[in-house]
Amino acid sequence: MPHPALLALEDGSVFHGHSVGATGETVGEVVFNTAMTGYQEILTDPSYARQIVTLTYPHIGNTGCNVADAESDRVHTAGLIVRDVPRRPSNWRSTESLPDYLGRHGIVAIAGIDTRRLTRILRDKGALNGCLVAGESIDAEAALAKARAFPGLNGMDLAKVVSVNKPYNWNEGVYDLDHTAFHETDKRFNVVAYDYGVKRNILRLLAERGCEITVVPAQTPAAEVLAMEPDGVFLSNGPGDPAACDYAIAAAREFLAAEIPLFGICLGHQIMGAALGAKTMKMKFGHHGANHPVKDLDDGRVLITSQNHGFAVDASTLPSNVRVTHTSLFDGSLQGFALTDRPAFCFQGHPEASPGPHDIGYLFDRFAKLMQETR
Ligand SMILES: NC(=O)CC[C@H](N)C(=O)O
């Protein structure tokens, strides 16, 4: 018999279910993700640090887990909430079941609760702080108190917490078309990628475009990077509140001043916005999923995109040398912008997908073109 588990939300809601991961307790902001696939990539996306993720798709774990699908070297979500985990995973790539994987990584997870009810609460009230407990004896009152004691993500700088300690070269090759083997690419550009919680697929897609990549810690001063004379600088995705990353905002300002090709994704987009003097704000429940429609304002195309953010740049506070390039068709929020007088642009969603559709992968080509033209 699995251990019992319980989820308590700061609004007083309590859900009883059973454990499908490690025993223990965890606190964080509870958010919902609507992607139907890609649970392992979601678990290992560093942008989810201090967040407990509930997946709205009811059957999670069907295809097991493996080494290749991780987006970083560990699980970053603070916990996992699902409706149901199948008893037996079935896929030729699977080396481990989801509960075993979660247990090995020490991640508390609950199944057997009504995730539709939970998602409606989060949609109506916005993301809520919660406490997830699993084990032989669980105490709802204590969990509620812990949920209410969690300070929330506002003001929390987590990029420097999940970042690497020292620089390294990304030298994994790129996949063959049939995705069975890696091969080398011709290196055309030297790129420095800031790791605020970078996902591996971003580095793969940059390498695929001929980038030789040096990944650097979040707090690396801009002067150190400029001394490396890169062809371009990349600002990665990452967890927490962008406004709290003052060192990153200061560095981005220097890269903009130096007119070096600059590309930002998600947290990187928000940091670029803040560097330009724009305001960032907390969203009600954010965007977390793999089917979000985004409009490309240059040609009117609608792209289906992968998303994972709880903060956003307030478009009305952007300076006049910014051109909005993408908006969300869910809520009209800002999804991308480019500078009119510098080689810099960024995107709020996840163009690298993983999981998700590849509609907006052309942004990686745009960065390569920008570096080519700026040379
Ligand atoms: N995926 C990301 O980079 C997320 C950015 C930021 N932490 C947010 O929640 O909005």
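Predicted model: local features only at pLDDT ≥ 70, side-chain atom pairs only at ≥ 80, totals over all residues.
The ligand is surrounded by Ser47, Asn237, Gly238, Pro239, Gly240, Cys266, Leu267, Asn308, His309, Gly310 and Phe311. Strand E16, spanning residues 302–313, supplies the largest share of this shell, with 4 residues. In composition, the shell comprises 4 nonpolar and 7 polar residues, and no charged residue is found in it.

According to an unreviewed UniProt entry, the feature "active site" is assigned to Cys266, His350 and Glu352. These positions are spread over 87 residues of sequence, yet they cluster in space, the largest C-alpha distance being 10.9 Å. Cys266, which also belongs to the residues surrounding the ligand, is located in the loop between strand E14 (262–265) and H9. Because 30 C-beta neighbours lie inside 10 Å of Cys266, this residue counts as buried. When residues up to four places away in sequence are left aside, the contacts of Cys266 are Ser47, Asn237, Asn308, His309, Gln348 and His350. Glu352, in turn, occupies the loop between strand E19 (344–347) and helix H10 (362–374), and is likewise buried, with 25 other C-beta atoms within 10 Å. Under the same exclusion of residues up to four places away in sequence, Glu352 touches Lys199, Asn201, Ile202 and Leu205.

Helix H8 (residues 246–257) and helix H9 (residues 267–275) have axes that come within 8 Å and cross at roughly 70°, and the two helices are therefore roughly perpendicular to each other. The contact involves Ala248, Ile249, Ala252, Arg253 and Leu256 in H8, which meet Ile271, Met272, Ala274 and Ala275 in H9. The residues of this contact divide into 8 nonpolar, no polar and 1 charged.

Technical notes: Residues numbered from 1 in each chain as written. Near = placed C-beta within 6 Å. Nonpolar A, V, L, I, M, F, W, Y, C, P; charged D, E, K, R; others polar. Axes fitted to C-alpha atoms, helices over the stretch in contact; angles between N-to-C directions. Parallel < 35°, antiparallel > 145°, perpendicular 65-115°, else oblique. Contact = placed C-beta atoms within 7 Å. UniProt positions renumbered as here; feature names shortened; annotations may be inferred. Buried ≥ 20, exposed ≤ 12 C-beta atoms within 10 Å, placed from the backbone.
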